[in-house]
Amino acid sequence: MTAALNGGLFAATICPMHDTGGLDFTSLERHFAQVLSDPGQAGLLLNGHAGEGIHMSRSEQADVVRIAREVAGKRRILAAVSAENTEFAAADAQAALKAGADAIMVFAPFSWALGVDPRAVVAHHRGIAEATGAPIYLFQGSVASGGLHYNTDLLKQLLEIDAVAGIKEGSWEVKAYETTLRTARAMRPDVAVMASGDEHLFGCYMLGSDGSAVSLSALVPDLITALDTHVRGGRIPDALKIHAALYDLARLVYARPGHLAAARLKACLAAMGRIDSPACRAPTPRISDAELDALMAALRPCLELSA
């Protein structure tokens with residue numbers, strides 16, 4: 001199997017919620033359909049950071065996958081698991097696969113940011129792979145996140161797991177992205193390296209990628225597709241126009257504190273009428289009107305380029 005078969009452009013979707021905190025399945029189905037109306041999207045990444053998977057029960061995560069499967073048809077579904085405990089993460093993964101996921105993306109538990117023994121990282125991934133028998137995607141976290149970013153030696157150990165099929169590369173730094181890319185190409189050319197730093201997609205696409213897995217595709221999927229298409233076609237001036245617009249939007253969506261990214265994405269989608277409410281599950285607050293105004297001002301050039 002080649003890296004291209006494991007890759008593609010995946011939209012890291014949000015999960016609409018009612019003001020009471022319950023999942024809004026009607027808006028969720030509409031959200032999936034809107035994102036997948038762009039034929040360039042290979043599939044969906046569900047229950048990740050943007051999808052607030054850490055705030056959901058196992059059954060809720062599975063419900064999200066089930067609805068996505070109904071909407072996505074034959075397009076691929078990657079289901080994220082983020083549980084701290086390997087047994088729980090494996091059970092979450094099994095439930096997602098039963099609901100229709102094609103592969104599992106293993107997000108690093110947030111406690112690892114405090115520092116973690118590499119043996120635990122490898123054992124966690126290997127345990128999920130063995131429990132599910134499914135393809136596994138790694139999440140390469142930001143270089144600023146401590147233990148959520150795997151150094152080269154640890155990445156090589158993870159690539160020794162046969163089930164690893166891809167990497168969501170969120171180093172958020174082009175140099176670190178290239179290190180991951182070169183390591184994977186040398187050890188496992190079958191593993192898809194998928195760009196994930198929204199502000200740096202252009203640079204990552206120029207270096208080479210097997211796709212991407214970004215939450216900006218929840219807002220402007222066709223623009224992510226166009227950026228990838230222009231780079232692959234050598235139309236660099238056109239790609240740079242898109243990059244400039246995406247950069248201005250991304251730096252606001254992913255500004256500190258980063259845990260508000262989902263709230264910012266939802267606020268934009270609600271303002272556009274694509275979901276019914278910008279609500280997130282507690283304790284995530286809504287963003288201010290002033291911040292929404294700034295986000296929408298940055299989003300408008302992107303929408304104009306999409307038109």
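**View 1. The buried residues of helix H11.** Ala261, Ala262, Ala263, Arg264, Leu265, Lys266, Ala267, Cys268 and Leu269 are the buried residues to look for in H11. This is a predicted model, so please read each of these views with that in mind. Helix H11 spans residues 261-271, and with nine of its eleven residues buried it is largely enclosed by the rest of the structure. What do the buried residues of H11 pack against? Their partners are three helices: H2 (25-36), H10 (236-253) and H12 (289-306). After H11 comes Gly273, which has a positive phi, near 80°.

View 2. One partner of S1 is strand S8 (residues 211-214), which runs parallel to it and is joined to it by four bridges.

**View 3. Helix H3 against helix H4.** The axes of H3 and H4 (residues 86-99) come within 8 Å and cross at roughly 30°. That makes the two helices roughly parallel, and their crossing is right-handed. From H3, the contact is made by Arg58, Gln61, Ala62, Val65, Arg66 and Arg69. H4 contributes Phe88, Ala91, Asp92, Ala95, Ala96 and Ala99. How do these residues divide by class? Seven are nonpolar, one is polar and four are charged.

**View 4. Asp63 in helix H3.** Staying with H3, which runs over residues 58-72, this view picks out Asp63. Is Asp63 buried or partly exposed? Its relative accessible area is 26%, so Asp63 is partly exposed. As a landmark elsewhere in the chain, take Ala255, which is 192 residues away from Asp63 along the chain. The C-alpha atoms of Asp63 and Ala255 are separated by 30 Å.

**View 5. Helix H4 against helix H5.** H4 and H5 pack with their axes 9 Å apart, at an angle of about 40°. Their crossing is right-handed. On the H4 side, look for Thr86, Ala89, Ala90, Ala93, Gln94 and Leu97. These meet Ala123, His124, Gly127, Ile128, Ala131 and Thr132 in H5. The contact of H4 with H5 has seven nonpolar residues, five polar ones and no charged ones.

**View 6. Helix H5 against helix H6.** H5 (residues 118-132) also meets H6 (residues 152-159), and the axes of these two helices come within 10 Å. They cross at roughly 25°, so H5 and H6 are roughly parallel to each other. The crossing of H5 with H6 is right-handed. Which residues meet here? Pro118, Val121, Val122 and His125 come from H5, while Leu154, Gln157 and Leu158 come from H6. By class, this contact holds five nonpolar and two polar residues, with no charged ones.

Terms used: Residues are numbered from 1 along each chain as its sequence is written. This is a predicted model: local features need pLDDT of at least 70, side-chain atom pairs count only at pLDDT 80 or more; totals for chains, interfaces and linings use all residues. Side-chain values use heavy atoms; hydrogens and water are left out. Axes are lines fitted to C-alpha atoms, for helices over the stretch in contact, and angles run from 0 to 180 degrees between N-to-C directions. Angles under 35 degrees count as roughly parallel, over 145 as roughly antiparallel, 65 to 115 as roughly perpendicular and the rest as oblique. A crossing is left-handed if the near helix is turned anticlockwise from the far one by less than a right angle, and right-handed if clockwise. Contact means heavy atoms within 4.5 Å. Ala, Val, Leu, Ile, Met, Phe, Trp, Tyr, Cys and Pro count as nonpolar, Asp, Glu, Lys and Arg as charged, and the others, Gly among them, as polar. Buried means under 20% relative accessible area, exposed over 50%, partly exposed in between (1.4 Å probe, protein chains only). Two strands pair if DSSP finds at least two bridges between them.
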